[in-house]
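Below are my notes on the model, as numbered points. Please read them alongside the sequence and the coordinates.

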Amino acid sequence: MGFDLFSFIFIIFSWASLLSMKAEAEAEGIKSARLLDLLIRDYTVKSLDRDLRTGIVHTVTLPANFSGIKVDTVRFRCGSLHRYGAQVKEFHLGSGVIVQPCAERVMVVRQNLGYNWSSIYYANYDLSGYQLMSPILGLLAYNADSDLSYGSPFELGILAGEKPIKIDFSNITKASNKTGNWPLCASFEGNGKVTLKKQVSPNVCVATKHGHFGLVMESPPPSLPVRKKISRWKLVVGSSVGAALGAFLLGLLLVAMFVKVKKKARMEELVRRAYEEEALQVSMVGHVRARTTPTI
C-alpha cells in the first residue's frame, strides 16, 4: 500500500512539474536548453508505442512549434548495450559503453536541434568569437523499465568504455574543407561550460559521455570597406577637368594680383604728383613774395 501511495504521489508531482515547465516555456519562449531537453523527453515518452521493439529506431513527432527539431529514440537492454554497443544516427556507441544506473531497459534519445533552435546554446554558453558550423546534436538516456505513460522517466548517464563515443557530422555540417580550416568540436556541459577540441577525422568528433555537441569555427574578422575601382577614362577626364579648373583659378588669381599691383602703382603716382604740384605752388608763391616790395 505504501508503494502505491508513493507511486501516486510521484505521478502527481511529475505532472505538476510538467505543467509548470510548459507554462514557463510559454512565458519565456523556451530560452533554457535544459527546459528544452525535458519537453523533448516528455513528447518522446508520449509518442512511444508499448509494443516498440528493442533496438529499432523510432522517429518522434513533435508539435508544430518545435519545427526544425528532429528526434529519434531507441530502446535497449542495458546488458546488450554494454556488450555490443549501438549506432543511433550520428552517434556510434562502442562496445563496453556503461549506463549509470543500469536500468533493465534504457531509452536512448538522439536530438538534432537544427540551426534555428541551436541558437539557444548561444544564449546559455559563451561562444563569443565562434560561429556554429553544424546544428547541435544531443545524446541522452532515460530509464524505460515501467509503463512510461504514467510518469516521467529519470535521466541516466552514458559513459564510454575503452572506445570513445563517436559523432559524425558529415551529413549535417555546412563547413567546407576547401579552405583548409577545420572546425573544432564543441562539447556543451550541463554546468554551462563549453569544451573545444580538435576533430579526430574530417567532421568526426569523440566524446566520453552523453551530452550536446556541435562543430564551431572562429568568426572571421570584420571586413574593411572595399573601395570601388574607378575606370581609367573617368580618371583621365576627372584629372583633365581638375587641371583645367586649377589653371583657370590660378589665372584669376594672377589677374587679381596684377590689377591690385597696377592700382597701387597708379595711386602712388597720383600721390607723388599731388606732392609735386603742392611743392611747386609753394615755391611759386614764395618767389612772388620775394620780388614784391612795399611802396612808401
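1. The charged end of Lys174 sits over the ring of Tyr115, 4.8 Å from the ring centre. The criterion is NZ of Lys or CZ of Arg within 6 Å of the ring centre and within 35 degrees of the ring normal.

2. This is a predicted model: local features need pLDDT of at least 70 and side-chain atom pairs pLDDT 80 or more, while totals for chains, interfaces and linings use all residues. Residues are numbered from 1 along each chain as its sequence is written, and side-chain values use heavy atoms, leaving out hydrogens and water.

3. Six aromatic pairs are counted, where rings of Phe, Tyr and Trp (its six-membered ring) pair if their centres lie within 6.5 Å, and planes under 30 degrees apart are stacked, over 60 edge-to-face and the rest tilted. Tyr125 and Phe188 form an edge-to-face pair, with 5.1 Å between centres and 70° between planes. Tyr125 lies in the loop between helix H5 (120-124) and strand E7 (130-132) and Phe188 in strand E11 (residues 184-188), so the pair ties together parts 63 residues apart in sequence. Helices (H or I, at least four residues) and strands (E, at least two) are DSSP runs, numbered from the N terminus. Tyr125 is buried at 11% relative accessibility, and Phe188 is buried at 4%; buried means under 20% relative accessible area, exposed over 50% and partly exposed in between (1.4 Å probe, protein chains only). Tyr43, Phe66 and Trp117 form one aromatic cluster.

4. Strand E11 is joined by four bridges to strand E12 (residues 194-197), and the two run antiparallel; strands count as paired if DSSP finds at least two bridges between them. Phe188 has Val194 as its bridge partner in E12. E11 and E12 make a hairpin with five residues between them, and Gly192 in the turn has a positive phi of about 85°.

5. In strand E8 (residues 137-143), seven of seven residues are buried. Leu137, Leu139, Ala141 and Asn143 point one way, and Gly138, Leu140 and Tyr142 the other. E8 runs antiparallel to E6, with seven bridges, including Gln111 to Gly138. Three bridges join E8 to strand E14 (residues 211-218), also antiparallel, and Leu139 has Gly211 as its partner there. Two bridges join E8 to strand E9 (residues 155-159), again antiparallel, where Tyr142 is partnered with Glu155.

6. Val109, in strand E6 (residues 105-112), is buried at 2%. Its C-alpha is 5.2 Å from that of Leu140, 31 residues away in sequence. Beyond neighbours within four places in sequence, Val109 has contacts (heavy atoms within 4.5 Å) that include Val71, Leu139, Leu140 and Tyr142.

7. The largest nonpolar core has 31 residues, of which Phe91, Leu93, Ile167 and Phe169 touch the most other members. A nonpolar core is a set of buried Ala, Val, Leu, Ile, Met, Phe, Trp, Tyr and Cys residues joined through side-chain atoms within 4.5 Å. Apart from it lies another core, of 30 residues, among them Leu48, Val109, Tyr125 and Phe188.

8. Which strands form the open sheet, and in what order? The order is E3-E4-E10-E13, with antiparallel pairing. Strand E3 (86-88) and strand E13 (204-207) are at the edges with a single partner strand each, so one side of each has no neighbour in the sheet. Strand E4 (residues 91-93) and strand E10 (residues 165-168) are joined by two bridges, one of which pairs His92 with Lys166.
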